[in-house]
Amino acid sequence: MRNKAAAIALLAGLGTVMAAGLSACNGNKTADGKTVIEVVQYKPEAVKAFEALEERFNATHDDIELKIDSPNDAMTILKTRFIREDYPDIIGIGGDINYSNFLDSDMLMDISDYEGLSDIKESYLRNAKELEFIPMEGTYTVPYMANAAGILYNKDIFDEHGWEIPQTLDEFYALCDDIQAEGIQPLYFGFKDTWTCLAPWNAICVDLAPSDICSQVNSGNATFADAYRDVAIVTKSLLEYAEADPYTYSYNDACTAFARGQSAMFVIGSYAVPQIKSVNPDINIDSFVFPASNDPDGNVLNSGNDLQWSVMAGCENKEAAYEVLDFFLEDENIQTYLDDQNAVPCKIGDFELPSMLDGMREYIDNDRMADYQDHHYPSEMAVDAMIQTYLMDDSENALDTFLEKFDTEWARYNRDLITKVQKYYEEHPEAATEGGEES
């Protein structure tokens, strides 16, 4: 249902409502009788790819006119439109806390009957289910594109020294020691920009913490102090192999240093490659999964739903909306996006991926992936800054202080949600035994 009160709640905390440039829908039909499907997607960097897809769709469909809007600050614009009850037909957003909030506000359509879901990899469907605050029947999004995070490495430097890709955490430490022994900097970080602290954190979490830990904590069955202890220890251990004082270097500084060969590796996502290559177009980059476990079979790729499609609950042209989704999921159109954005497809298939993902290809092809933990974190909690503070803390009790604060701050910023979740399980005790807590 279209819940105006929920939309108002979604706007809470926004300092400024950006209403400029918004316009009401012109109706569901064009003058010549075509059904209009309006799509708003949140990745302005992909505007050229979506302009090409829009043109291709409209040239091949006589009964539907597709309009794709790719605005800057799309999430603010969407929330503003929702409060005005001015809804597009389809939204394209990331699989993160915003999706959780929209879903919890009953704004999205159950699309369980959409046949295209059968072509989506299970990992990405699971990512979406785990973003539900409480277990919900049905499916409310089509995962479309993902990204991948782990370790980028300079392939020429590795080949020159004959270094092999580590399969376990101990092998990774040994590799870093070997690199240092050769007088080369193993890792470079840009921790001046706090958000970059989440890159190693997320890549380590997928191996060492349950993917549904946030739901477990909300239901009262776990604590971050227990679940994140090993994650925090391994994250801090990387400082031994970092440049001196990584908190004085920004993300751009780290990208530039890696591009210039000042480090052999960079713990970051695939999204950093365009920035790196803008400095050195000829750098030979490959990647591998962060081996945070000493059990090779326990390591998975950190890959989240970077772009997913949801049909708004009030969409009056469901069949036409599904036809648009079918078009987006055609292999040719997926490849158009991949070529433009160096992304990872959520659809099962044989797609051409950028070469810098070669080292992760086995995990992608075999669907061995798990979501970014920070997709579940409320922005107000500022987990990135908390991690940075912990990394800078040299006191003996730094680890316990950080973990205790994580639990305390989580309870503070999720108080209402925790109450809601625990009330749900009190009223539905069977959900726990049916796996509801893992959704």
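Q: Is Trp 410 buried or exposed?
A: In this predicted model, Trp 410 has 1% relative accessibility, so Trp 410 counts as buried.

Q: Which ring does Trp 410 pair with, and what kind of pair is that?
A: Trp 410 pairs with Tyr 377. The ring centres are 6.2 Å apart and the planes stand at 80 degrees; the cut-off for edge-to-face is over 60, so this pair is edge-to-face.

Q: Where in the chain do the two sit?
A: Trp 410 is in helix H18 (residues 398–413), while Tyr 377 is in the loop between strand E9 (369–370) and helix H17 (383–392). They are 33 residues apart, and the pair links distant parts of the chain.

Q: And Tyr 377, buried or exposed?
A: Tyr 377 counts as buried because its relative accessibility is 6%, and the limit for buried is under 20%.

Q: Which aromatic cluster are they in?
A: One that includes Trp 201, Phe 224, Tyr 228 and Tyr 390 as well as Tyr 377 and Trp 410. Over the face of Tyr 390 lies Lys 236, 4.4 Å from the ring centre.

Q: New topic. How many residues are in the largest nonpolar core?
A: There are 66. Ile 37, Trp 309, Leu 325 and Phe 328 are among those that touch the most other members. Helix H14 (residues 318–328) gives the largest share, seven residues.

Q: What does Leu 325 touch, leaving aside neighbours within four places in sequence?
A: Leu 325 is in contact with Ile 90, Tyr 114, Val 142, Trp 309 and Val 311.

Technical notes
Residues are numbered from 1 along each chain as its sequence is written. This is a predicted model: local features need pLDDT of at least 70, side-chain atom pairs count only at pLDDT 80 or more; totals for chains, interfaces and linings use all residues. Side-chain values use heavy atoms; hydrogens and water are left out. A nonpolar core is a set of buried Ala, Val, Leu, Ile, Met, Phe, Trp, Tyr and Cys residues joined through side-chain atoms within 4.5 Å. Buried means under 20% relative accessible area, exposed over 50%, partly exposed in between (1.4 Å probe, protein chains only). Helices (H or I, at least four residues) and strands (E, at least two) are DSSP runs, numbered from the N terminus. Contact means heavy atoms within 4.5 Å. Rings of Phe, Tyr and Trp (its six-membered ring) pair if their centres lie within 6.5 Å; planes under 30 degrees apart count as stacked, over 60 as edge-to-face and the rest as tilted. A charge sits over a ring if NZ of Lys or CZ of Arg is within 6 Å of the ring centre and within 35 degrees of the ring normal.
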